[in-house]
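Visitor: I am new to this structure and would like a guided tour. Could you show it to me?

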Amino acid sequence: MDTKLDPSRDDLPLMANTSHMLVKHYVLDLDVHFESHVIEGTIVLFFEDGNRLKKQAHSIKETCQLESNEACKFRTPEPCHLPGINSRTFSFNMGCNDFVICDKGGKHTFDKDGNHDNWEQAFGISSSKYCCDTGNHGREDFLLVLDCCDLSVLKVEEVDVAAVPGIEKFIRSPKLTVVSEELRNEIVHELVSLPADHWREQLDYYARCSQAPGCGELSFDSDTWSLQIKKKGVRTATDFPHAIRIWYTTKPAGQSVTWTSDQSGRPCVYTMGSPINNRALFPCQEPPVAMSTWQATVRTAASFVVLMSGENSAKPTQLQEGGSSWHYYVTMPMPASTFTIAVGCWAEIKLETCSSNDLAEECPLLPLETDFRCAGMCHHMEYPCRFQNASATTQKIIPHRVFAPVCLKSVCQETLLQLIPPCLSAAHSILGTHPFPRLDVLIVPANFPSLGMASPHIIFLSQSTLTGKSPLCGVRLCHEISHAWFGLAIGARDWTEEWLSEGFATHLEDVFWAEAQQLSPQEAHEQQELRACLRWRRLQDELRNAPEEMQVLRPNKEKTGHVSDSGASVVKHGLNPEKTFMQVHYLKGYFLLRFFTGLLGHEAYFAFLRKFVHTFHGQLILSQDFLQMLLENIPEEKKLELSVENIFQDWLESSGLPKPLQGSRAAGAECGLARRVDAEVAKWVRVSRRPRKRRRSGKQEVFEKLLPDQLVLLLEHLLEKKTLNPQTLQSLQRTYHLHEQDAEVRHRWCELIVKHKYTKAYKHVERFLQEDQAMGVYLYGELMVSEDARQQQLAHRCFELAREQMDRSSAKVVAEMLF
């Protein structure tokens, strides 16, 4: 049965029945084929069934009630939130040779006004087909449902983990002497339950089990959004195979990865943050609650570099047939949506001289067998956690590498490489322990639809961040680094609450960047107030143009975090292509956190934030988890009658400008940097109004040098002026060298060019649309709305040149503007 979305809705279904079986580990064994634009291979999934997880949750809930630890009361008794035993030491310098390398071979409903009164009926899911009885009276075979889209599944089989040499150490029950389903499932249970200090042994056996022979094919079916698997005669999740292997191939047009060329014209493929996440890369459980670990072996031609979310800095193993193999692993459980891969002819960019980063990479961070439980108890499921290691807590700069197309080597050396150490150090000084042991930074192809994207151990940056001076690159780098804490180490349990990731990152980017520049408190305040002013203007513009339902930060309201009995759910507006270009969640979230910082004071707020990170890292949260803990840390005299409920109502569950901001003056408009811009605007207005003859003979205006953010504000003010003559625009360009500035400045400059039909500078617009695709979508609309034939021709010409390589969502939005 094909599950299709109602065309009038744009919600993304999460189909996996995580309430009954939960993936604990993935082993991927893949080949990348650039000639056919497919990735093929196998994935082995190791499961725990829901009954065991519920028993663990009940046991830990009772333990939690007995603890006196204050942090305990903030925890939510979800399986993914379970406190674990204290983790022990592990090495951050393990390579692929340390493991076996895989060779090829009560029912919730939505409110009646939300159109989801019965979720399964809303998405056309047959309750009989998706029957997931975990009890003992099941009348139909149990059906395992995985999220899957745009994949060709060739075969599904049970894995005979009992055939692995040495596996008998995982057999605990003396009654299980004959190889059976129960025995194999018991082995998997013991394997996934190994304590954190056995992480290396665990990964080794995961790899061995992934190569074990099959012991019977499983029947399967698929539809638009899911893969359904069953074993004849098996009625419950408890009895269903807990280790399965899926043989599959991606499709060239699959939406999870982009096949394109880099800036040097060489082929590459990468995950670009698709709205459907990774379900078109491998069958998986997409709901955030399915927090898992993974390891992957990827083979490709020897000239390519494979980068991936992984704790190890992988090096290639040369294969006899001429290709190379790369192996990565992750021991910190995270949602499958955070998995990232990029394969291309990337060059590693290094400084010409030795740096502190070189030293960091040469010295192992942790001694191999040190027990560091003294660092304190964590409240997440058990894994080797850096927050429990004394050495990790003091490591300001984690080992990092930079990769880019060869043609961008020099600009990366001049700009990006110099910025990473101070930005990492700044983040550590504000939030403490880096959640991940290392970082790769990749400059992705021009079709990347954003300025940046953070994933575990790897950050993608747009080439647009490299132009002009360093501030845009530094700010964006700080934004992505902050996601290591908010978005990755601490994730949203409901994806509609994006502000928990993007609002925090937007607020933290300013603080990190000021610290990285080592500004004085006054300088930092001025810089942050200027950026607040720019964001205030941007928020006002977003609220004028965005549909009201897209302005709400908590659209599911009291149903936030709810799922169906099986664990399936929907992400509201998750498939809306315009959502990619909206910043409401960034901006409203930022102003809420700015409000809290003003209420507590800078020092008190960030002291609280460090406490929050220590309590909730490794877990998924809802808005109330943050708000409840925050309110308990606000002195009574400063609370101003704040409550979780009125914060929901005023900030998160209403469209438009949040109530506390209504009637207030524009944020940051009175700071010194903004006032200096006002003075420069007045000068340019006088120049534009002056008759041409007087302009030549009269007194010349003297213009002040402006910072990039001040230039953005200046151009935004000038965009509000009805007319600017060509001579004024030419003077603007010459005075500030606008075509050489960063992408934010050049974007505003292009808007001025389009608005005033300044034909002499159309080449700047063409260049921007080709090289800054992450920011150029809005300009297409401006070119078309003017109804100027030459501008419309320019838009069509640029789109035809970029269309084939353009990101799908961007191309769809632009096509709707043009045709």
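Guide: Helices (H or I, at least four residues) and strands (E, at least two) are DSSP runs, numbered from the N terminus. What you see is a predicted model, where local features need pLDDT of at least 70, side-chain atom pairs count only at pLDDT 80 or more, and totals for chains, interfaces and linings use all residues. Residues are numbered from 1 along each chain as its sequence is written, and side-chain values use heavy atoms, with hydrogens and water left out.

Visitor: How many helices and strands does the protein have?
Guide: The protein holds 819 residues, and 60% of them are buried. Buried here means under 20% relative accessible area, with exposed over 50% and partly exposed in between (1.4 Å probe, protein chains only). As for the elements, the count is 23 helices and 24 strands.

Visitor: Which residues of α8 meet α7?
Guide: Helix α7 covers residues 409-431 and helix α8 covers residues 471-482. From α7, the residues in contact are Thr415, Leu416, Leu419, Ile420, Cys423, Leu424 and Ala427. Their partners in α8 are Cys473, Gly474, Leu477, Cys478 and Ile481.

Visitor: At what angle do α7 and α8 pack?
Guide: Axes are lines fitted to C-alpha atoms, for helices over the stretch in contact, and angles run from 0 to 180 degrees between N-to-C directions. The axes of α7 and α8 are 9 Å apart, and the angle is about 45°. That makes α7 oblique to α8, since angles under 35 degrees count as roughly parallel, over 145 as roughly antiparallel, 65 to 115 as roughly perpendicular and the rest as oblique. So the angle to remember is about 45°.

Visitor: Why is β3 described as largely enclosed?
Guide: Strand β3 runs over residues 38-49, twelve residues in all. The rest of the structure largely encloses β3, because the number of its residues that are buried is eleven.

Visitor: Which residue in β3 stands opposite Val27?
Guide: Two strands pair if DSSP finds at least two bridges between them. Strand β2 (residues 21-33) and β3 run antiparallel and are joined by twelve bridges. Four residues lie between the strands of this hairpin, and His37 takes a positive phi near 60°. The residue opposite Val27 is Val44.

Visitor: Which residue in β9 stands opposite Thr42?
Guide: β3 also runs antiparallel to β9, with seven bridges joining them. Strand β9 (residues 243-250) pairs with strand β5 (residues 151-159) too, in the antiparallel sense and over seven bridges. Opposite Thr42, the residue is Trp247.

Visitor: Which are the edge strands of the open sheet of four strands?
Guide: This sheet has the order β10-β11-β16-β13, with antiparallel pairing. Its neighbouring strands are turned by 15° against each other on average, direction ignored. An edge strand pairs on one side only, and the two here are β10 (257-261) and β13 (305-308).

Visitor: Which residue in β16 does Val305 stand opposite?
Guide: β13 pairs with strand β16 (residues 341-344) in the antiparallel sense, over four bridges. There, Val305 stands opposite Gly344.

Visitor: What covers the buried residues of α21?
Guide: Helix α21 spans residues 777-785, and its buried residues include Val777, Leu779, Tyr780, Gly781, Leu783 and Met784. After the helix comes Glu787, with a positive phi near 60°. The cover over the buried residues includes α19 (743-755), α20 (762-771), α22 (789-802) and α23 (808-818).

Technical notes. Contact means heavy atoms within 4.5 Å.
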